[in-house]
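I set down here what I looked up in this structure, entry by entry. The sequence and the model come before my notes.

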Amino acid sequence: MKKVSFLWKWAFLLLSGVILILVAIGLWTFYTLPESDREPVNFPVQEETINGQADLSTTSFNSLVEAAIGGNDVPYQVFIDDAVHLTGELTVLNRQVAYEMTADPQVDDDGNISLAVKDISLADLDLPIRSVLTAFQLTLPDDVPLDVYPKDQRLVIRLDQLSQTVGFTVMGGKVDLSSDEISMKLSLPVDLVIEQINQQRGGN
C-alpha cells in the first residue's frame, strides 16, 4: 500500500503541474490573439483519461524505481546513479554470497523498462552472469513486477503490470542516465483524479 500511495502522490502532483501549464498556455493563447481570430477555448475536463509526460531527475527516477520494485518485501536494495544497481545476498554453492548487479536501463517498445545487466560482482566467485541471474530469479516474490531473462542477461521492470495495480498507466518515455535525460508518460482516468481530489478535501 505504501508503494501505491507513493506512486499516486507522485503522479497526482506531476499531472497537476502538467494540467496547470496547459491551462495557462490556453489562456495566454486566447487573450493574446486578436479578437477576430479568437475561438472558444474548451478544456476537455470530462475526457476519459488525462495524459501527460514529464522530465525527471535521476533522484526522482530512483524514487520511482524504488517504489516499483524495491522496499522491505524484496531481498535486495536498488539505487541509481549513472546505472541501475541492485545489491543483496544469494545462496550460491550452499553459501550466502553478497552481490552487486549493475545494469543499463532503456525503454522497450511496450513502455516497460529493460535493464541490460553488464556486470555482477559476486564476492570471490567468478560465475557467468546467466547463472547468477538464474539464482537471483529464484529469490523474487511472485508479486514483484520484475521479470528476469537469464539467457538475454536482462531484467524488465513491468510498468504495465504495475499500472494494473495502481489503477493508472505508467510508461517509460526515455531513459538515458549518461545524459540525464529521463521522461515518463502517465495516463490517469478522470474518475480516479476526481476521487483522489475528493479524498484529499475530505482529509483536510
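In which sense do strand β6 and β7 pair, and over how many bridges? I found that strand β6, residues 146-149, pairs with β7 in the antiparallel sense, over four bridges. I note at the outset that the model is a predicted one.

**Entry: β7 and its partners**

I looked next at the other pairing of β7. Strand β5 (residues 113-121) is joined to strand β7 (residues 154-157) by four bridges, and these two strands also run antiparallel.

**Entry: the protein overall**

I counted five helices and nine strands in the protein. Read from the N terminus on, the elements run α-β-α-β-β-β-β-α-β-β-α-β-β-α. The protein has 204 residues, and 39% of them count as buried. Its accessible surface comes to about 12,200 Å², with 51% belonging to carbon and sulfur atoms. Among contacts with a separation of 6 or more, I found that 50% are between residues 24 or more positions apart.

**Entry: the largest nonpolar core**

Which residues have the most contacts inside the largest nonpolar core? They are F61, Y76, M101, F136, L146 and L155, in a core of 49 residues. I looked up which element gives this core its largest share, and it is α2, with five residues. I also listed the contacts of L146, leaving out residues up to four places away in sequence: L146 touches I69, Y76, F136, L140, L155, V156 and I157.

**Entry: helix α2 and N62**

I recorded that α2 has twelve residues and reaches 16 Å from its first C-alpha to its last, close to the 16 Å expected at 1.5 Å a residue. Its buried residues are T58, F61, N62, L64, V65, A67, A68 and I69. After α2 comes G71, with a positive phi near 100°.

Is N62 buried or exposed? N62, which has its place in helix α2 (residues 58-69), has a relative accessible area of 19% and is therefore buried, since the cut-off for buried is under 20%. Beyond residues up to four places away in sequence, N62 touches V78, F79 and I80.

**Entry: helix α3**

I turned to helix α3 (residues 129-137), where I129, V132, L133 and F136 are buried. Why do they lie on the same side of α3? They do so because they cover an arc of only 100° around the axis. I then looked up what covers the buried residues of α3: the cover includes β2 (76-80), β3 (84-92), β4 (95-107), β5, β6 and β7.

**Entry: V175 in β8**

My last entry concerns V175, which lies in strand β8 (residues 169-176). V175 counts as buried because its relative accessibility is 9%. How far apart are V175 and D104 in sequence and in space? I read 71 residues in sequence and 9.4 Å in space, C-alpha to C-alpha. Residues up to four places away in sequence not being counted, V175 touches F61, P105, Q106, V107, I113, E181 and I182. One of these, F61, is also among the residues with the most contacts inside the largest nonpolar core.

Key: Residues are numbered from 1 along each chain as its sequence is written. This is a predicted model: local features need pLDDT of at least 70, side-chain atom pairs count only at pLDDT 80 or more; totals for chains, interfaces and linings use all residues. Side-chain values use heavy atoms; hydrogens and water are left out. Two strands pair if DSSP finds at least two bridges between them. Buried means under 20% relative accessible area, exposed over 50%, partly exposed in between (1.4 Å probe, protein chains only). Contact means heavy atoms within 4.5 Å. The expected span of a helix is 1.5 Å times one less than its number of residues. A nonpolar core is a set of buried Ala, Val, Leu, Ile, Met, Phe, Trp, Tyr and Cys residues joined through side-chain atoms within 4.5 Å. Accessible areas come from the Shrake-Rupley method with a 1.4 Å probe; for residues, only the protein chains shown count as cover. The arc is that of the directions from the helix axis to the C-beta atoms.
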